[in-house]
Amino acid sequence: TGIVATVSEALILAENTKPDLALVDVRLAGQQDGIEGAVLLRRQFGIPIIFLTDEVDGEAAWKAAEVGPVEYLVRPVHTPQLVEAIRTAVSPHADQSVQVGAGG
């Protein structure tokens, strides 16, 4: 429903548009990173999270996994991989556990 640069903007957008899922980068502008933003989005709106990032640092991936995203995709991500992650996220029977993968 939109593109934002900060967690506070993401929360406002989610409040106004009620999205079905959130594509979140681990790195965001501002004081809170994308992982913290994802926690708030899940807590406040109950929406599934897909991390889409260039952050391949193992620590970031583990921290992100604690959020319980549907997927942790490392750029470059090919369209079929992203489409499959989105399908999984919005499926009513989706297993909401993390799958850490490289763009392939």
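In what follows, Ala, Val, Leu, Ile, Met, Phe, Trp, Tyr, Cys and Pro count as nonpolar, Asp, Glu, Lys and Arg count as charged, and the others, Gly among them, count as polar. The model is predicted, with a mean pLDDT of 87 for the chain.

**The largest pocket**

- The volume of the largest pocket is about 550 Å³.
- Its lining comprises 23 residues, of which G2, I3, A22, L23 and V24 are the closest to the centre of the pocket.
- By class, the lining consists of 16 nonpolar, four polar and three charged residues.
- At least two lining residues come from each of α1 (7-17), β1 (22-24) and α2 (34-45).

**Confidence**

- A pLDDT of 70 or more is reached by 88% of the residues in the chain.
- Confidence is highest in α1, at a mean of 97, and lowest in strand β4 (residues 100-102), at a mean of 44.
- Over residues 96-104 pLDDT stays under 50, and the model has 29 contacts beyond four places in sequence for these residues.
- Where pLDDT is low, the predicted coordinates should not be read in detail.

**Residue T53**

- T53 lies in strand β2, which spans residues 49-53.
- T53 counts as buried because its relative accessible area is 0%, and the cut-off for buried is under 20%.
- Apart from neighbours within four places in sequence, T53 is in contact with D25, V26, Y72, L73, V74 and R75.

Conventions. Residues numbered from 1 in each chain as written. Predicted model: local features only at pLDDT ≥ 70, side-chain atom pairs only at ≥ 80, totals over all residues. Heavy atoms only, no water. 1 Å grid on protein atoms, 1.4 Å probe; cavity = no way out; pocket = protein on both sides within 12 Å on 5 of 7 lines; lining within 4 Å. Points joined across faces, edges and corners; volume = space filled by probe spheres on them. Helix = DSSP H or I, 4+ residues; strand = E, 2+ residues; numbered from the N terminus. pLDDT = per-residue confidence, 0-100. Contact = heavy atoms within 4.5 Å. Buried < 20%, exposed > 50% of the residue type's maximum accessible area, 1.4 Å probe, protein only.
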